[in-house]
Amino acid sequence: MGTISALRADPRLKWAGIVLVAAALLALPFALAVAGTAWVRITNLAILFILLSLGLNIVVGFAGLLDLGYIAFYAVGAYVYALLASPHFGLHLPWWAILPIGAAVACTFGVILGTPTLKLRGDYLAIVTLGFGEIIRIFLNNLSEPFNLTNGPKGIATIDPVRFFGVDFSTVTRIGDFALSGTLKYYYFLLAMLVVVIVVNLRLQDSRIGRAWEAIREDELAARAMGINTTRMKLLAFAMGASFGGIAGGMFSAIQGFISPESFILTESVMVLAMVVLGGMGNIWGVVLGAALLSFVPEILRYTVEPVQRALFGRSLVDPEVIRMLLFGLAMVGMMLFRPAGLLPSAVRKRELATGREDAQDDDGDAT
Amino acid sequence: MRLLSLEKVEVHYGGIRAVKGIDLHVEEGELVCLIGANGAGKTTTLRAISGLAHAGGRILYRGEDIAGRRPHEIARLGISLVPEGRGVFPQLTIEENLAMGAYTRSDRAGIAADVDRAFTLFPRLKERRRQTAGTLSGGEQQMLAIGRALMSRPKLLLLDEPSMGLAPIMVDRIFEVIRLIASEGVTMLLVEQNARLALEASRRAYVLESGLVTLSGEAAGLLHDPQVRQAYLGE
């Protein structure tokens with residue numbers, strides 16, 4: 001710990017570290033391509049989940065509002081992109097126009113969810129948000145009649161990819177001998193987006209808004225007494241979280257080229273929440289780590305479980321999907337036992353668990 | 001100058017009238033206390049002033065009716081409430097709690113000076129500045145709550161039961177501080193169940209009984225009022 005803070009104190013070393021990490025991230029897809037190009041695609045999906053987790057972290061980690069229907073905003077962003085850039089309505093707007101629209105629409109839905117739930121906390125809020133997530137999914141499933149808005153369970157196909165100065169992100173671009181695959185282009189695109197989102201989140205956490213969220217999470221009544229407009233701040237948390245979800249959803253549409261309501265089920269909401277909690281609520285780097293782990297580990301298991309069984313027993317005894325979920329569940333239980341505040345807990349959460357143990361002593365102190 | 005005056009203020013909780021039309025006022029620089037039994041409507045009155053409870057009637061603050069304004073707006077006008085049961089941010093450090101008290105301000109130098117002032121007022125808090133508020137004793141939390149409220153440089157400080165649940169020695173210490181703050185010219189409206197301490201510290205007082213003001217006047221006079229002595233001072 002001491003060496004890390006010493007490293008942080010030296011700005012030259014800090015910059016050297018940033019350059020190193022940047023170089024590693026830029027080279028990462030080439031290393032992954034050795035294991036198979038599928039891994040670059042998996043990485044892209046992992047980045048989408050990191051984006052989603054960072055958005056949910058604003059609501060859950062910063063403002064302390066438990067949201068179990070977060071995937072709804074991802075769905076809204078995805079459908080906005082799909083409807084505005086596919087043959088479904090014959091609209092083909094460019095990505096740079098759609099992503100902000102998707103963010104704005106998702107933001108509106110965030111406020112729609114936020115307004116009636118302002119007085120709710122904890123379990124009650126969780127139930128309402130869970131219902132909201134399901135309502136959105138069911139609407140997407142059924143809005144094919146009387147007017148065909150979403151094409152129902154069949155989903156929307158042949159969604160336009162991102163096009164950047166005439167470069168199509170769905171096909172291979174050749175620069176001389178060098179072939180740049182679509183997945184690779186999306187990787188760099190998402191990476192750039194991720195950097196922007198992380199910077200925005202870091203700035204947000206240190207801002208007056210971030211402090212207001214902190215106060216609300218700790219004690220809403222006291223926050224109001226401090227002159228904080230709690231109504232506006234809670235709505236802002238919902239709106240900002242939803243916007244990030246909407247942007248991630250738009251990218252999902254563009255990358256996949258096809259979406260249907262099945263991609264936005266409750267399990268996905270739970271998964272994103274698990275990423276936030278596992279990584280460390282309220283800690284931006286923790287959330288990034290949590291989302292990366294929960295995206296990659298199941299995939300690694302998917303590719304390793306069967307060959308390992310064959311090597312050990314000569315045949316596959318247990319279905320890979322079953323064992324994958326089993327290991328995954330065990331890993332989660334283990335994490336929660338040994339690192340209950342998440343892998344990289346935020347400073348405040350760390351204290352929360354520490355003070356829990358000291359509470360008994362504190363009560364004695366009062367009586368004297 | 002009259003800083004605050006309540007005219008026929010009523011507060012309803014559901015169908016129950018907790019405060020049934022009270023009149024009271026606080027002059028600038030004054031320490032006024034509101035005493036009464038449990039359920040008399042003391043806390044409700046403070047909640048009405050700070051906008052946390054919806055009130056009927058008029059609440060004039062510097063001549064302006066603030067009844068019906070939202071809590072954060074009232075806080076920004078310079079009315080600071082130290083809520084019952086302290087209401088500190090338990091997971092934040094003492095320093096962070098104090099900084100939160102200055103949320104509406106943006107003058108860094110002034111805030112730093114006021115943090116120092118809070119630490120001079122409460123040396124105990126300075127020793128524990130990096131400790132979380134949840135680890136403090138009840139009395140220390142009360143000090144922190146008062147210190148935090150002062151960080152907004154309030155024109156009117158509302159104190160709700162500052163002695164509640166504290167050890168006698170801590171109660172004395174809190175009242176010392178209340179006197180000290182009052183002597184510095186901070187206007188205060190104090191709600192207390194400990195009538196003797198409150199009357200001794202205040203200039204004027206109101207006695208509240210089931211939602212109505214039954215007695216009011218100079219605190220020194222009320223201390224010798226036979227009715228008050230019997231009902232609230234246990235004699």
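This report describes a sheet, a nonpolar core and a helix in a predicted model.

## The sheet of chain B

Chain B contains an open sheet of six strands, arranged in the order S6-S7-S8-S3-S9-S10 with mixed pairing. Its edges are formed by strand S6 (79-82) and strand S10 (212-218) of chain B, each of which pairs on one side only. On average, and with direction ignored, neighbouring strands of this sheet are turned by 15° against each other.

Within the sheet, strand S7 (residues 156-160) and strand S8 (residues 187-192) of chain B are joined by five bridges in the parallel sense. Leu156(B) has Thr187(B) as its bridge partner in S8(B).

## The largest nonpolar core

The largest nonpolar core comprises 166 residues, and the members that touch the most others are Ala72(A), Ala75(A), Val76(A), Ala237(A), Leu158(B) and Leu190(B). Helix H3 (residues 38-62) of chain A supplies the largest share of this core, 15 residues.

Leaving aside residues up to four places away in sequence, Ala72(A) is in contact with Phe109(A), Phe132(A), Gly133(A), Ile136(A) and Phe264(A).

## Helix H10 of chain A

Helix H10 (residues 230-256) of chain A has 27 residues and, at 1.5 Å a residue, should therefore span 39 Å. The C-alpha atoms at its ends are 39 Å apart, in agreement with that expectation.

H10(A) is mostly covered, with 23 of its 27 residues buried. Gly257(A) follows H10(A) and has a positive phi, near 75°.

Technical notes. Residues numbered from 1 in each chain as written. Chains lettered and ligands numbered in written order. Predicted model: local features only at pLDDT ≥ 70, side-chain atom pairs only at ≥ 80, totals over all residues. Pairing = 2+ DSSP bridges. Helix = DSSP H or I, 4+ residues; strand = E, 2+ residues; numbered from the N terminus. Axes fitted to C-alpha atoms, helices over the stretch in contact; angles between N-to-C directions. Core = buried A, V, L, I, M, F, W, Y, C linked by C-beta atoms within 7 Å. Buried ≥ 20, exposed ≤ 12 C-beta atoms within 10 Å, placed from the backbone. Contact = placed C-beta atoms within 7 Å. Expected span 1.5 Å × (residues − 1).
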